[in-house]
Amino acid sequence: MKEYDFVIVGGGCAGLSLAYELDTHNKLNDKTLAIVETREEYKRDKTWSFWRVNEHNFNDCIKKSWKQFSIKTNSETKVIKCDQFPYESIDSGLFYNKINTRLKKNKNIKFFKDINDLNTSKSFIFNSLPTVNEDNDNNLWQLFHGVEIETREDCFNESTVNLMDFNCEQRDGVHFFYVLPFSKNRAMIESTWLSKKNDSLKDYESQIKIYLNDLGIKDYKINYREEGAIPLFYPINRKENNKINIGTAGGMTRLSTGYTFFKYSRTFKIYS
Ligand SMILES: Cc1cc2nc3c(=O)[nH]c(=O)nc-3n(C[C@H](O)[C@H](O)[C@H](O)COP(=O)(O)OP(=O)(O)OC[C@H]3O[C@@H](n4cnc5c(N)ncnc54)[C@H](O)[C@@H]3O)c2cc1C
């Protein structure tokens with residue numbers, strides 16, 4: 001069985017970010033890295049958005065950047081400028097492609113599907129698989145489903161992200177809509193719940209249809225879908241020698257909001 005100096009378990013956002021930093025800072029010139037990832041193929045599966053409070057390596061993966069955002073309730077709308085810290089969205093497909101294209105050129109990096117194909121007894125392991133106690137009913141999650149739609153008519157104000165629109169049905173949890181307008185006729189519409197796990201909230205497509213109907217948007221097609229459940233609590237990964245938990249598994253998710261993405265690109269900045 002093969003041995004590697006470093007093993008990254010989970011080649012998602014945190015795992016690939018770390019591999020990219022190790023590679024671009026020449027830390028793998030005389031060290032070997034195995035990335036264990038089960039997915040069959042990399043394609044867009046997430047739209048990562050964040051406040052740009054610092055420089056990052058992924059300007060070429062940005063779908064759109066906004067300098068103002070709004071928060072809506074049924075009685076008022078607040079529009080807030082954020083020129084200093086724009087809100088940005090990254091296309092995960094572009095992110096995966098950029099990093100994997102680079103990693104493939106390094107002969108010291110190999111991808112595996114199963115960790116049992118490796119001898120990890122002497123490796124340093126970076127683990128990005130969170131261990132979550134699914135039986136704890138008190139855990140709070142951010143549960144969401146988003147669709148990227150294209151409308152026939154121009155419907156969106158492309159200069160303003162609608163961060164939270166609470167003007168929608170509320171059940172046993174906090175519910176809001178999140179709208180990322182990529183252009184006047186293309187936007188990501190996400191139905192988001194802050195709630196305990198609850199399957200009865202999962203009629204997402206109907207929630208989105210009602211929301212769009214209330215906005216007067218009836219003529220549209222769906223080009224892309226994504227769904228998630230982000231834990232708003234720390235996972236219970238054990239601390240072990242020669243192992244560091246990274247990403248959500250490493251407690252990098254901001255518990256109040258679920259924002260995680262930008263923390264990685266900062267955490268993994270390696271200063272050579
Ligand atoms: C749809 C979605 C949208 C999100 N949007 C935002 C956002 O806008 N802003 C933000 O800050 N955060 C966002 N998040 C939260 C967070 O940034 C992401 O979840 C991020 O991908 C977490 O990175 P990670 O590396 O910890 O996990 P992941 O990116 O999920 O990586 C884990 C990897 O492990 C692989 N894997 C699974 N099981 C195994 C196994 N047994 N062996 C090996 N590999 C395995 C998976 O295929 C995956 O590639 C979003 C989350 C989701 C799900």
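This is a predicted model: local features need pLDDT of at least 70, side-chain atom pairs count only at pLDDT 80 or more; totals for chains, interfaces and linings use all residues.

Colleague: Which domains does the assignment give?

Modeller: Domain bounds come from an automatic or database domain assignment. For this chain it gives domain 1 (2-54 + 90-131 + 235-267) and domain 2 (141-231). Their centres, taken over C-alpha atoms, are separated by 29 Å. Two residues are in contact if their C-beta atoms, placed from the backbone, lie within 7 Å. The contact between the domains takes 10 residues from domain 1 and seven residues from domain 2.

Colleague: Where does the shell around the ligand lie?

Modeller: A residue is near a molecule if its C-beta atom, placed from the backbone, lies within 6 Å of it. Both domain 1 and domain 2 give residues to the shell around the ligand, so it lies between them. There are 27 residues around the ligand, of which G10, G12, A14, G228 and G247 come nearest. At least two residues of the shell come from each of α1 (13-24), β4 (47-51) and β16 (220-231). The largest share, four residues, is supplied by β4.

Colleague: Which residues have the most contacts inside the largest nonpolar core?

Modeller: In soluble globular proteins, nonpolar side chains tend to be buried together. A residue is buried if 20 or more other C-beta atoms lie within 10 Å of its own, exposed if 12 or fewer, and partly exposed in between, with C-beta atoms placed from the backbone. A nonpolar core is a set of buried Ala, Val, Leu, Ile, Met, Phe, Trp, Tyr and Cys residues joined through C-beta atoms within 7 Å. The largest one in this chain has 30 residues, and V7, I8, A19 and L33 have the most contacts inside it. Helix α1 gives the largest share of this core, seven residues. A second, separate core has 14 residues, including L163, F177, A187 and I208.

Colleague: Is N26 buried or exposed?

Modeller: N26 counts as exposed, because it has 10 C-beta neighbours inside 10 Å. This residue is found in the loop between α1 and β3, and it has a positive phi of about 55° although it is not a glycine. N242 is likewise exposed, with 11 other C-beta atoms within 10 Å. Its place is the loop between β16 and β17 (243-245), and its phi is near 60°, a positive value in a residue other than glycine.

Colleague: With which residues is G93 in contact?

Modeller: Leaving aside neighbours within four places in sequence, G93 is in contact with K43 and R44. G93 is found in helix α2 and counts as partly exposed, with 16 C-beta neighbours inside 10 Å.

Key. Residues are numbered from 1 along each chain as its sequence is written.
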